[in-house]
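Subject: Structure handover

Hello,

Here is the structure you asked to take over. Please open it beside this message and follow along.

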Amino acid sequence: KVLVANRGEIACRVIRTCRNMGIPTVALYSVADGPQSLHARMADEAYLIGTGPDPAESYLLQDRILDIAHLAGAQAIHPGYGFLSENADFCSKVHNHGNMTFIGPPVPAITAMGSKSQSKAIMEQAGVPTTPGYYDSQATSENQYQDAEQLRHEAVQIGFPLLIKAVMGGGGKGMRLVWSEGEFLDKLEACQRESLNSFGDARVLLEKYLLKPRHVEVQVVGDHHGNYVHLYERDCSLQRRHQKIIEEAPASDLPTELRERFGEMGKRAAQAVGYYNAGTVEFLLDTQEPDQFYFCEMNTRLQVEHPITELVTGVDLVEWQLRIAAGEVLPIVNQEDIPCHGHALEARVYAENPARNFLPATGTVWHHCPPAESNTGTSSEGVRVDTGIQSGSEVGVYYDPMICKLIVHDETREK
């Protein structure tokens, strides 16, 4: 029995595969979502989590989640994405909670990849290309002091433009683009302040800013028996405010040799941290030097855009996650046996107001009629819709305003 420690679209996605495998599921719902929310209704059991609508009062209550899992007799917890999916403390609590299994990577891998500076050092040692830059190895989470003048000196050595990035950052937060030395100190102070407020850690690192790079990421999977494969790459370059909007697999117009290098570097990154389960290694491809790419970060969870990989490979990534967590060997252990057929695109459909700079729009979803039956896989026309929304649902202020993911697949990108 699996408890899904999440909500909305990703909870429905995990529950769908569990159903197909005959695995009972347990859902959580906040007072804002309610017991009639789609993910709560799809699960075999559903429990109220917390006393308030805010994530901090509901889906982020680690001990309460574990209590419900114990009460429901769940043997494993799937964190989905977001919320607690990359929280090493939660992962550790799950492992230490009797005979409970965390459906995801080991704690050391989450910890190492959660720090941009530590992950960059590990990748350099493993021979994975990293973006030219500077990180202060002397600054720690306990002693976060970094000398501003020293950072300015290093910035001049790297050259402008450059990025100041929060060491523990993510989701576009704790990041500042600096075009000249004259604005560096002001941008540094602003970045450190935002980083401290968002992540409780003011440390930053500096990286060369690549002009108009392509964001190419590699889906990797490993098991407990030392087997690693990659499921090819995805191009996620179409973004707004550092948030992905449209993704495709495989990445278009890449030479075969470059695609193979991406895949091998992705596997090497996973091996460097003793990774198991599904993860994504993100790279930046330098369009000024098209054969050069650099490690960006590793997401130690299932990605929002995982369906496009599923459509070109025929692999159910959630099923693989479950099997790996149960101690099974990868269903396919030889890289050359991983198929890659056709081309897939995903568009994230959001409740946003374009007239207000795409700010989230809240309210009732009065009508929702997607072009294929939701949460059932791919239609005969190659269309798939993953959603946590139904007519009558509320898009509120507490959670991501994504309505659904529209995924399409055909023989070629042009089709």
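How are H1 and H11 oriented to each other? The model is predicted, and that applies to everything below. In it, H1 and helix H11 (residues 317-325) pack with their axes 9 Å apart, at an angle of about 70 degrees. Angles of 65 to 115 degrees count as roughly perpendicular. H1 and H11 are therefore roughly perpendicular to each other. The crossing in which H1 passes H11 is right-handed. On the H1 side the residues that meet H11 are Arg13, Val14, Thr17 and Cys18, and on the H11 side they are Leu317, Val318, Glu319 and Leu322. Sorted by class, this contact of H1 with H11 has five nonpolar, one polar and two charged residues.

The five-stranded sheet

An open sheet of five strands runs in the order E3-E2-E1-E4-E5, and its pairing is parallel. Its edge strands are strand E3 (45-48) and strand E5 (101-102), each of which pairs on one side only. Within this sheet, strand E1 (residues 2-4) and strand E2 (residues 25-29) pair in the parallel sense over three bridges. In that pairing, Leu3 stands opposite Val26 in E2. Helix H1 (residues 8-20) packs on the sheet and touches E1, E2 and strand E4 (76-78). The direction of H1 makes about 165 degrees with that of E1.

The eight-stranded sheet

A second open sheet has eight strands in the order E14-E13-E10-E11-E12-E15-E21-E19, with antiparallel pairing. Strand E14 (293-299) and strand E19 (383-387) are its edges, and each pairs on one side only. From one strand to the next, the twist averages 25 degrees.

Is E10 enclosed or open to the outside? Nine of the nine residues of strand E10 (residues 214-222) are buried, so E10 is largely enclosed by the rest of the structure. Both of its faces are covered. Arg214, Val216, Val218, Val220 and Gly222 are buried on one side, and His215, Glu217, Gln219 and Val221 are buried on the other.

E10 has these two strand partners in the sheet:

- Strand E13 (residues 277-285) pairs with E10 in the antiparallel sense over nine bridges. Here Gln219 stands opposite Thr280 in E13.
- Strand E11 (residues 228-240) pairs with E10 in the antiparallel sense over six bridges. Here the bridge partner of Val216 is Asp235 in E11.

The hairpin of E10 and E11 has five residues between the strands, and in it Gly226 takes a positive phi near 85 degrees.

Further along the sheet, strand E12 (residues 243-249) and strand E15 (residues 343-350) pair in the antiparallel sense over four bridges. The bridge partner of Glu247 is Glu346 in E15, and that of Glu248 is Leu345 in E15. E15 also pairs with E21, in the antiparallel sense over eight bridges. Leu345 has a bridge partner in E21 as well, namely Val408.

Which strands does H10 lie across? Helix H10 (residues 306-313) lies across E10, E11, E12, E15, E19 and strand E21 (402-410), and runs at about 20 degrees to E21. Eight of the eight residues of H10 are buried, so H10 is largely enclosed by the rest of the structure. These buried residues are His306, Pro307, Ile308, Thr309, Glu310, Leu311, Val312 and Thr313. Just after H10, Gly314 takes a positive phi of about 75 degrees.

Helices H7 and H8

The axes of helix H7 (residues 148-158) and helix H8 (residues 184-199) come within 10 Å and cross at roughly 120 degrees. H7 and H8 are therefore oblique to each other. H7 passes H8 in a right-handed crossing. H7 contributes Ala148, Glu149, Leu151, Arg152 and Ala155 to the contact, and H8 contributes Phe184, Leu185, Leu188 and Gln192. By class, the contact of H7 with H8 has six nonpolar, one polar and two charged residues.

Regards

Key:
Residues numbered from 1 in each chain as written. Predicted model: local features only at pLDDT ≥ 70, side-chain atom pairs only at ≥ 80, totals over all residues. Heavy atoms only, no water. Pairing = 2+ DSSP bridges. Contact = heavy atoms within 4.5 Å. Axes fitted to C-alpha atoms, helices over the stretch in contact; angles between N-to-C directions. Buried < 20%, exposed > 50% of the residue type's maximum accessible area, 1.4 Å probe, protein only. Parallel < 35°, antiparallel > 145°, perpendicular 65-115°, else oblique. Left-handed = near helix turned anticlockwise from the far one by under 90°. Nonpolar A, V, L, I, M, F, W, Y, C, P; charged D, E, K, R; others polar.
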